[in-house]
Amino acid sequence: MENYELKLDIPAEHERNIFGGMDAYVKIIERALNVSVVPRDGAVKLMGEESRVKDAEYVFRELTRLSERGNDITEQNVDYILSLVKEHSDVSLAEIDKELVGYTIQGKPIKPKTLGQQKYVRQIQEKMMVFGIGPAGTGKTYLAMAMAIQAFKNDDVGKIILTRPAIEAGENLGFLPGDLQSKIDPYLRPLYDALYQIMGAESFMKNSEKGLIEVAPLAYMRGRTLDNAFIILDEAQNTTPAQMKMFLTRIGFGSKVVITGDLSQKDLPFSAESGLEQASRVLKDVEEIGFSYLTNKDVVRHPLVQKIVHAYEKYEAREKYKESRKNNAKGGRRTGRP
């Protein structure tokens, strides 16, 4: 192995952020790129094969740019930059970071954190209707919510409507205590949580009382025409084709619509087709509608979530392959082929 060395200056005030607690991020970079990294006196010494050292240099430069922009570096940032390096991608996370969506109630900036998220945000800006399809933790709902609140604050829309199908995910609503609203509220809780974090509970309550922000089950949309609103349908994989068609035909003038879902987490009966699945086939060629397909690379929760999503994807792919082999073998026996 070629022994190549390179010294890279790191601003002292950003060292801890870039290196991580107990140099945790340094160790991740060393393992991923098979290089030795020695932090020393406001610099890092990189040693190893030349191409790997240059990859490590790029990673540290990207992390430095992110830190200088005021970001708290996370393990997800490090992992994502490493994945871009391994793919020889010309995408820069520091450039993606320049795209601001809005702020939380605490003043924390909300930004896309991956290329997939950036494309998703841009589609929402450009299209009247966008389908955001991908696994848990990819920011589908949160980014849509942030953009809805920003559009509302800018007077681009007159109201926000957030809805979910109240599907019985392995439990029976009838056995839950309380009246209908108290039974439905747990299904809508993730939407309330995001609203409180971005807008604040007080502002939400005030606008909710005025009817300017509505959080309701999908069934409540029937028979309405939704004009001048930013509408988000969440957990759309749990809609039936009839429910999805009903929802899509409610859209009025001046409205923007985001439909989010994860096709790997359907709670519908096993044999039932998802309305999201059907809509993605039926509407794929409609110019005014955008489709953003996020993947496990776009997961921005704890890195373990990304690994879990990836493990399930691999498992499901293997199971589908086994099933197709089994079906082919049965078909061969029926037709008399050996």
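This is a predicted model: local features need pLDDT of at least 70, side-chain atom pairs count only at pLDDT 80 or more; totals for chains, interfaces and linings use all residues.

Residues are numbered from 1 along each chain as its sequence is written, and side-chain values use heavy atoms, with hydrogens and water left out.

Start with the largest nonpolar core, which has 31 residues. By core I mean buried Ala, Val, Leu, Ile, Met, Phe, Trp, Tyr and Cys residues joined through side-chain atoms within 4.5 Å; buried is under 20% relative accessible area with a 1.4 Å probe, protein chains only. Among the members touching the most others are I124, M145 and F230. Helix α7 (140–153) gives the most, 9 residues. Helices and strands here are DSSP runs: H or I of at least four residues, E of at least two, numbered from the N terminus. Apart from this core lies another, of 30 residues, including Y25 and F60.

Next, helix α10, residues 241–248. Its M244, M246, F247 and L248 are buried. Their cover includes β6, β7, β9, β10 and α11, counting contact as heavy atoms within 4.5 Å.

Now the pockets. Which residues lie nearest the centre of the largest pocket? They are K113, G137, G139, Y142 and V300, out of 40 lining residues. Helix α7 returns here, giving two or more residues to that lining. The second largest pocket is lined by 26 residues. Helix α12 (residues 303–334) supplies the largest share of that lining, 9 residues. A pocket is an open set of points on a 1 Å grid over the protein atoms alone, where a 1.4 Å probe fits, with protein on both sides within 12 Å along at least five of seven lines; lining residues have an atom within 4 Å of a point.

Terms used. Buried means under 20% relative accessible area, exposed over 50%, partly exposed in between (1.4 Å probe, protein chains only).
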